[in-house]
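Here is a short report on one protein model. Keep the sequence and the 3D view open as you read.

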Amino acid sequence: MKINFLGLVMAMLMSSVIAFGQTKDRWQQAIKYEMEIDMDVETHRFDGEQKVVYTNNSPDQLNKVFYHLYFNAFQPNSMMDVRSRTIKDPDRRVGDRISKLSDDEIGYQKIKSLKQNGKAVDFEVVGTILEVDLNKPINSGESVTFEMEFEGQVPEQIRRSGRNNAEGISYSMAQWYPKMSEYDYQGWHSNPYIGREFHGVWGDFDVKITIDEDYVLGGTGYIQNPEEVGHGYQKEGTEGGKGKKGKLTWHFKAPQVIDFMWAADPDYKHVKAQVPNGPELHFLYQENDKTKENWEKLPEYTVKAFEYMNKTFGKYPYDQYSVIQGGDGGMEYPMSTLITGERSLGSLVGVTVHEMFHSWYQGVLASNESLYEWMDEGFTSFGAAETMNVIMEQGQENPQSGNYRGYLALAESGYEEPLSTHADHYVTNYAYGRAAYSKGATFLGQLRYIMGEDVFYPAMRTYFNEWKFKHPNPNDFIRVMEKASGLELDWYKEYWVNSTKQIDYGIKSVLESNGKTFVTLEKVGEMPMPLEVSITYNDGNSEMIYIPLRIMRGEKSFDSNVKTLADWPWVFPTYTFELDQPASNIKSMVIDKNEGMADVDRENNIFNAEKHLEPTFNK
Ligand SMILES: [Zn+2]
């Protein structure tokens, strides 16, 4: 075939002008925020100015835009308040606390004015969402400027953000500014703030925060005026300058992130550490009897964790990460986390590693967490368990066993709902938590079992590199895994994500005939899986039998000696295979000895010669 050279060059040029993250059917909106905040630490109120340049990369014309006003959730009778008081198993941190907030303690974001390209525009505040009726539609490919003046009041710390948290941190400033809702190939995502999970537009943030000079700040962005603000950001050996009239303006920039968090406290101690070939780490915490010892050790573990995570799951793309005491547990933000700090060393390292891991799945891949909470919390829990096992030298054979147990308890509880449930719409907090964290982590644990470790980890890195900054969905993920493994895996995703069907395989019978053994396995649960059966013989030898699923259209490869049998077509309730030895030679036989599957009943996985000899053979 003759190659048309000019055509090839043209095609290459065309593809290179398509901006970062854009393909014909998967575009990303773009946003640039410039914000200036003046904080009053007496009233806990702030004045804000926001200028946004919003680019519509979608193929659609937009007649409306939406902003999130998250602080409005912290008002009596808000959707968050009502939900927290009426859900069967309330979150202890929220309960009925919102309903008791006084006017000075609530949170709010009041919009004083809004302009589209210099002209005032109509808007309406509906709970935690600002609905904006545009003067002029935004055409595909067009950029518009929105200018807003707003006023905020920081609520008493109830959930994630707020003032004066339980450990005495002055300001945990998450979800603090009017944030443009995401519009993507699935439409608008103007979800009211009820409880959990976020989504956002990729953007560049330029934020100036003016606050009393005593306060130390940290958060999402890179500090732009370190010599001016000091407090440990200045060059070593120099002293940070002083602001005017007792106030300092902190200037941060954060490129290509979905959100911007900051925290402030006059008593923060600020410590730095460097990850070799990785980001600079910042630690901000109040030093006292409950924190001193463990926070001094935290940087060393955090560096180790970053190195392991970069190597195993893909490279963290920013030059900075900050671990900040604040909030109400642990919560992830781009380039940073807010965690409570008065913890044992194991708990402190554990929460830090978990929140850092979100940088991969919430921060950089940024799947829509409301729709696919398990792709964030589950993948994070999986990676954190592997990392903790290594850096804390836990020596666990299967670091995922805790996650599997969490899922198995859910499967038994009667409260399970499919993973495809929107994060806010689970009937119970319990079902959400176990689904998103444990069942989500188990999704990856089982996939590693199906694909094999040697294929799984490189595929996880490919997923990270191919989909970073593009909001992948479950199908995008499973397609990467299919291409890497050569297996069809759609069935696995559909069963595990869209249904609550369970895995249960058993050994039905072991029969002897003419010196041979016929083993019959049974698919008791509804969800099919490929099987690995380990057999130990009385002479001390052992072997492993592998039975692929026919719908995988392929097999896992093993480096050790494994006998691969014919595929099991999933509709067949049983599967019989033959061993070239009498049954009396078999000492034991186990389906899934390494517990790669979350099999809901493991008792029927085991055949034990002494226990089963009579009844099984005579059957
Ligand atoms: Zn998490």
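Buried means under 20% relative accessible area, exposed means over 50%, and partly exposed lies in between (1.4 Å probe, protein chains only). With that in hand, K516 is partly exposed at 31% relative accessible area.

This is a predicted model: local features need pLDDT of at least 70, side-chain atom pairs count only at pLDDT 80 or more, and totals for chains, interfaces and linings use all residues. Residues are numbered from 1 along each chain as its sequence is written, and side-chain values use heavy atoms, with hydrogens and water left out.

**The zinc site**

The zinc ion is coordinated by H354 (NE2), H358 (NE2) and E377 (OE), at 2.0 to 2.1 Å. Donors here are N, O and S atoms within 2.8 Å of the metal (3.2 Å for Na, K and Ca); water is not among the atoms, so sites may look incomplete. Along the sequence, the donor residues follow the spacing H-x3-H-x18-E. H354 lies in helix 5 (residues 345–364) and E377 in helix 6 (residues 373–391), so the pair ties together parts that are 23 residues apart in sequence. Both H354 and E377 are buried. Helices (H or I, at least four residues) and strands (E, at least two) are DSSP runs, numbered from the N terminus.

**Salt bridges**

The structure holds 25 salt bridges. Each is a side-chain nitrogen of Lys or Arg within 4 Å of a carboxyl oxygen of Asp or Glu.

| Pair | N to O distance |
|---|---|
| D476 and R26 | 2.7 Å |
| R448 and E386 | 3.0 Å |
| E578 and K516 | 2.9 Å |

D476 lies in helix 10 (residues 474–485) and R26 in the loop between helix 1 (5–17) and strand 1, so this pair ties together parts that are 450 residues apart in sequence. D476 is buried at 9% relative accessibility, and R26 is buried at 12%.

R448 sits in helix 8 (residues 429–451) and E386 in helix 6, so the two tie together parts that are 62 residues apart in sequence. R448 counts as buried, at 13% relative accessibility. E386 counts as buried too, at 8%.

E578 is in strand 29 (residues 574–579) and K516 in strand 25 (residues 516–523), 62 residues apart. E578 is partly exposed, with a relative accessible area of 42%.

Elsewhere, D91, R93, R159 and D328 are linked in a network of salt bridges.

**One more residue**

Is I98 buried or exposed? I98 counts as buried, because its relative accessibility is 0%. I98 lies in the loop between helix 2 (79–86) and strand 4 (108–116).
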